[in-house]
Amino acid sequence: MDNFRQLTQYVLSGLSNGAIYALIGFGFAIIHNATGIINFAQGEFVMLGGMLTVFFLVFCGFPLLPAIVLSILIATVAGITFERLAIRPLKDAKPIRLIIITIGASIFIRGAAMLIWGKDTHALPAFSGNEPLYIAGATIMPQHLWIFGITILVIIFSRLFFNHSIIGKAMRACAYNAQAASLVGIDVKIMVMLSFAISAAIGSLAGIIIAPLTMTSFDVGIMLGIKGFCAVIIGGMSSGLGTVLGGLLLGLLEALGAGFISASYKDAIAFIVLLLILFLRPEGLFGKKETERV
Amino acid sequence: MTKEKRQITIFLIFSFVLLVIPFSLRESYLLNVMVFIGIHTMLAVALNLLMGYAGQISLGHAAFFGMGAYISGIFTTRFGLDPWLVIIMAALCAAAIAFAMGFPILKLKGHYLAMATLGFGIIIYIIFNETVNWTGGPSGLSGIPNLKIGELVFDNDFHNYYLVWIITLGVMLLSINLSQSRIGRALRAVHDSEVAARVMGINAWVLKVQIFTVSAFISAMAGSLYAHTMTFVAPASFGFNFSVELVTMVVVGGLGSIYGSFLGAAILTTLPEFLRVFEDFDIIIYGLMLIVITMFMPGGLISGLQLLSQKFFLKFKAKADKGA
């Protein structure tokens, strides 16, 4: 029975990490679908969310909710600024230049965070205490419930937004064909900017809700970012639900691998999965194959 | 002067200057910095073959550098093999891995290629950290012997300077030569338009794998030299950050320019020395440099220098014409 309890424990923590990867993956997909860019600075928005909230909550003494809202706002503004200053001027550049630009931005944001907040690791207090709950013999922290709840909410909202609001539909139109979209009167520039804003907001939210469990520091963005990317690659860029499943799958694999095989190779699992998927099925497990136009 | 002659002259002047520098630099500290610039130049040139010539990015090149360093370190300290033999072995080994990885990895393009190479680099970095019995783990591997030829031991900066720079100059010469060859032209074609290149009968995939292999070979060689000159290696030198630093060197210097790689390596190696007063500022400055240069000077600093010298030359010429 003990093994079973351990298993449920791994599964729970795996799923909650997986939910975070899925949220971060969403951010990648939104920008990629609008612009064709993989934003290497995505992980830095996640870091910004956590660090800003720690800053407002612990150092400025704000209550939790305003601290969170303010942090998401600032991260969103950072996302918009980044798009406006670095991405828009290079819209039609070759991928190699765009990759380098987003890497530059990611280093810059990380460096700025290190200068402002130092190199220490910070813990964000859990949203509703550290009293564990017992479900089916496994312990679960309230923070896990927050993570599941918020992830589900974000998924529902983004589905409603992209399928039923006029702006969301306009953004999808740009993703299919930017030129055609602009011909029917959609301002493509605004939509691209909006994709960066939404992506930064979701990323920072992910960073905030994970911070009480894993701690945060100026350099958490790299790993979280890459794992989010891994989630979206497993699921396929074109599939929203696929990203969620990809994230959960990755989280589970990591937790089980760390628990039953070796904790020190935990991070390697994500990258091996990433490479395997990229080699064998680059369109993702759930994505549709894209035809390439020349 | 024909283009070829001019290039030979430039290379000879460049080599001559570098080879007489140690006689004017008596200070060991500066020589030491120059040794690092040499190793970094070798790495930047290797990465430039891939990025500048073939237009393919790698965010995991520190892995090949690390493979060279660790293979040299492990086989000379634990098995007492001849260091020179191990250097060749290490380079061949890294090249073989690059060759095997190259086929699936270079099928990917653009952003996906960047992520895949990044993942590869981090897997190797984790292996360096976790195989403690072999690599010594995070605390590193020490006691790596210096290289020697007969009685000549490369155990001081003066000797290491020549060791590193003679090999670096060789690598630079080969790379310049490569760009003039059929392969170099084919690579440029792939860079500009892979589809067009394939239509012309170039096997772009195999070509990219080949250049990736050569690049890994050179990087591993640089790693071996690093291990033998430092006599100590630790995984922190071969992580993601260093891969990004290498990309920065290539971009700042100039994509596709071999002398640009030297310039980029020199700047990025000396920058932390200048910034020592403002500790921790280097990372933010790397980021800014990457953004600003990519946006406003896609040819890198070397193209800026060329433009400046051309302008200067034209002005000079105009004055001379007036005078006459």
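Is the crossing of α2(A) and α9(A) left-handed or right-handed? The crossing turns out to be right-handed. Keep in mind that we're looking at a predicted model.

**The α2(A) and α9(A) pair**
- Two packed helices are described by the angle between their axes and the distance between the axes.
- Here, helix α2 of chain A (residues 42–59) meets α9(A) at an angle of about 125°, and their axes sit 7 Å apart.
- Because of that angle, α2(A) counts as oblique to α9(A).
- On the α2(A) side, the touching residues are Q42(A), G43(A), E44(A), V46(A) and M47(A).
- On the α9(A) side, look for G221(A), I222(A), L224(A), G225(A), I226(A) and G228(A).
- Sort the residues of this contact by class and you get five nonpolar, five polar and one charged.

**Where chain A touches chain B**
- Chain A puts 35 residues into the contact, and chain B puts in 34 residues.
- On chain A's side, α4 (95–117), α9 (221–235) and α11 (266–280) each supply at least two residues.
- The largest share of that side comes from α4(A), with 16 residues.
- By class, chain A's side has 29 nonpolar, three polar and three charged residues.

**The nonpolar core**
- The largest nonpolar core holds 189 residues.
- Inside this core, L23(A), C230(A) and A94(B) have the most contacts.
- Leaving out residues up to four places away in sequence, A94(B) touches F64(B), M67(B), G68(B), A216(B), F217(B), S219(B) and A220(B).

Note on methods: Residues numbered from 1 in each chain as written. Chains lettered and ligands numbered in written order. Predicted model: local features only at pLDDT ≥ 70, side-chain atom pairs only at ≥ 80, totals over all residues. Contact = placed C-beta atoms within 7 Å. Helix = DSSP H or I, 4+ residues; strand = E, 2+ residues; numbered from the N terminus. Nonpolar A, V, L, I, M, F, W, Y, C, P; charged D, E, K, R; others polar. Core = buried A, V, L, I, M, F, W, Y, C linked by C-beta atoms within 7 Å. Buried ≥ 20, exposed ≤ 12 C-beta atoms within 10 Å, placed from the backbone. Axes fitted to C-alpha atoms, helices over the stretch in contact; angles between N-to-C directions. Parallel < 35°, antiparallel > 145°, perpendicular 65-115°, else oblique. Left-handed = near helix turned anticlockwise from the far one by under 90°.
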